Amino acid sequence: MTDKPRITILYCTQCNWLLRAGWMAQELLQTFSDSVGEVALIPGTGGNFEIRIDGELLWERKRDGGFPGPKELKRRVRDIIDPERDLGHLDRGSLES
């Protein structure tokens, strides 16, 4: 087993959010391929969309007011698993806004 973080994405199958969950998983795997041990998709119901790192809630659709964009999600993940990491244009773009 790896000691790298496990990210889970719980998505609502009734709401057809599989594509969104898959897209978020791809974005995280592309950016953090060396830093995460796994990104798992978990089918659920009831309008749920939650992203967790090692069981700790990172994003919840109702609590956080919708779905995360890739930039916001990557920043939140980085802040937990590798706070010193530079996200390149994502970080520099935030300085301009």
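Along the sequence, the protein runs through the pattern β-α-β-β-β-α-α-α, which comes to 4 helices and 4 strands. Keep in mind as you look around that this is a predicted model.

**Overall picture**
- Of the 97 residues in the protein, 39% are buried.
- The protein exposes about 5900 Å², and carbon and sulfur atoms supply 48% of that area.
- Among contacts with a separation of 6 or more, 62% are between residues 24 or more positions apart.

**Helix H3**
- Helix H3 covers residues 70-81.
- The buried residues in H3 are Leu-73, Lys-74, Val-77 and Arg-78.
- Looking down the axis of H3, you will find these buried residues within an arc of 130°, so they line one face of the helix.

- Thr-13 sits in the loop that links strand S1 (6-12) to helix H1 (18-31).
- Is Thr-13 buried or partly exposed? Its relative accessibility is 37%, and therefore Thr-13 counts as partly exposed.
- Leaving aside residues up to four places away in sequence, Thr-13 touches Pro-43, Gly-44 and Thr-45.
- Thr-13 and Pro-43 are 30 residues apart along the chain, while their C-alpha atoms are separated by 6.0 Å.

Methods:
Residues numbered from 1 in each chain as written. Predicted model: local features only at pLDDT ≥ 70, side-chain atom pairs only at ≥ 80, totals over all residues. Heavy atoms only, no water. Helix = DSSP H or I, 4+ residues; strand = E, 2+ residues; numbered from the N terminus. Expected span 1.5 Å × (residues − 1). Buried < 20%, exposed > 50% of the residue type's maximum accessible area, 1.4 Å probe, protein only. Arc of directions from axis to C-beta. Contact = heavy atoms within 4.5 Å. Areas by Shrake-Rupley, 256 points an atom, 1.4 Å probe, with all protein chains shown as cover.
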